[in-house]
Amino acid sequence: MARIDPVKRENLGARQQKLYDDIMRSRPRGNLGGPFSVWIHTPEIAEPADGLANCFRVNPKLDRRLVELIVLLMCRDGTVKYAWSVHEPLARQAGLTAETIDAIRARKRPDLQRDDERVIYDLVSELLKTKTVSTATFERAKSVLGRDGVIEAVSCAGFYGMIGFVLNTFEVPPQPGGEVLT
């Protein structure tokens with residue numbers, strides 16, 4: 001059970017209602033969920049977080065498939081059930097294979113056929129393990145993704161790490177009918 005009550009627009013202040021409307025316009029769901037169901041109570045966090053989320057959702061420099069790979073790796077590392085339930089189907093739609101998704105779910109290295117996916121997997125895995133990346137990993141990532149791609153990949157991983165902390169702390173449950181992560 002979530003540690004925060006479901007958000008009801010009518011119970012929010014004017015600034016929060018405007019933010020609620022802005023968020024819901026770009027995320028067509030029945031209600032405000034996920035980390036924004038927590039952040040809406042602190043607009044000073046919710047507003048910039050929404051802008052950052054939209055960097056990865058609306059117009060990423062990286063291919064959507066790579067963004068979703070990063071998100072799944074971060075969800076799996078933190079056992080972030082809500083985000084996995086939302087992003088697992090998005091990852092499939094973006095072109096990640098069922099085998100790749102299943103391997104990540106099982107905490108195994110996927111047999112990645114594409115170099116850009118291997119680079120993302122190695123970059124994020126090394127970040128999670130060591131909290132930095134070696135020169136070799138950095139240079140390989142830069143050669144495949146470009147400087148801006150590396151910036152976006154590392155920033156996306158960090159953002160979804162933060163999201164995972166929020167979702168897990170407030171025990172936001174997964175989406176109904178979504179893939180269950182244990």
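Helices here are DSSP runs of H or I with at least four residues, strands are E runs of at least two, and both are numbered from the N terminus.

Okay, some housekeeping. What we have is a predicted model, where local features need pLDDT of at least 70, side-chain atom pairs count only at pLDDT 80 or more, and totals for chains, interfaces and linings use all residues. Residues are numbered from 1 along each chain as its sequence is written, and side-chain values use heavy atoms, with hydrogens and water left out.

Let's do helix packing. Two packed helices are described by the angle between their axes and the distance between the axes. The axes are lines fitted to C-alpha atoms, for helices over the stretch in contact, and the angles run from 0 to 180 degrees between N-to-C directions.

So, helix H3, residues 43-57, against H8: the angle is about 130 degrees and the axes are 11 Å apart. H3 and H8 are therefore oblique to each other. As for the labels, under 35 degrees is roughly parallel, over 145 roughly antiparallel, 65 to 115 roughly perpendicular, and the rest oblique. The crossing of H3 and H8 is left-handed. Who makes the contact? On the H3 side you have Ala49, Leu52, Ala53, Cys55 and Phe56, and on the H8 side Glu152, Ser155, Cys156 and Phe159. Contact, by the way, means heavy atoms within 4.5 Å. Sorted by class, the H3 contact with H8 has 7 nonpolar, 1 polar and 1 charged residues. The classes go like this: Ala, Val, Leu, Ile, Met, Phe, Trp, Tyr, Cys and Pro are nonpolar, Asp, Glu, Lys and Arg are charged, and the others, Gly among them, are polar.

Next pair: H4 and H5, with an angle of about 150 degrees and axes 9 Å apart. That makes H4 roughly antiparallel to H5. H4 passes H5 in a left-handed crossing. Residues in that contact include Arg65, Glu68 and Leu72 of H4, plus Trp84, His87 and Glu88 of H5. By class, the H4 contact with H5 comes to 8 nonpolar, 1 polar and 5 charged residues.

What covers the buried residues of H6? Helix H4 (64-78) and helix H5 (81-94) are among the elements doing that. The buried ones in H6, residues 98-105, are Thr100, Ile101, Ala103, Ile104 and Arg105. For the cut-offs, buried is under 20% relative accessible area, exposed is over 50%, and partly exposed is in between, using a 1.4 Å probe and protein chains only.

Now the charges. A search of the whole structure turns up 18 salt bridges, each being a side-chain nitrogen of Lys or Arg within 4 Å of a carboxyl oxygen of Asp or Glu.

Start at aspartate 115. Arginine 118 bridges to aspartate 115, with the closest N and O atoms 3.5 Å apart. Both sit in helix H7 (residues 115-130), 3 residues apart, about one turn of the helix. An α-helix has 3.6 residues a turn, so residues three or four places apart point the same way. Aspartate 115 also meets arginine 140 in a salt bridge, 3.1 Å from N to O. That pair links distant parts of the chain, with aspartate 115 in H7 and arginine 140 in helix H8 (residues 135-169), 25 residues apart.

And what else does arginine 140 bridge to? Aspartate 122, with the closest N and O atoms 3.0 Å apart. Aspartate 122 lies in H7 and arginine 140 in H8, so the pair ties together parts 18 residues apart in sequence. On accessibility, arginine 118 is partly exposed at 27%, aspartate 115 at 34%, arginine 140 at 30% and aspartate 122 at 23%.

Elsewhere, Asp63, Arg65, Arg114, Asp116 and Glu117 are linked in a network of salt bridges.

Last bit, backbone. Most residues other than glycine have a negative phi, and most peptide bonds are trans. Just after H6, arginine 107 has a positive phi of about 60 degrees. Arginine 107 is in the loop between H6 and H7, and counts as exposed at 51% relative accessibility. Glutamate 171 has a positive phi too, about 50 degrees, although it isn't a glycine. Glutamate 171 lies in the segment after H8, and is partly exposed at 35%.

Notes:
A crossing is left-handed if the near helix is turned anticlockwise from the far one by less than a right angle, and right-handed if clockwise.
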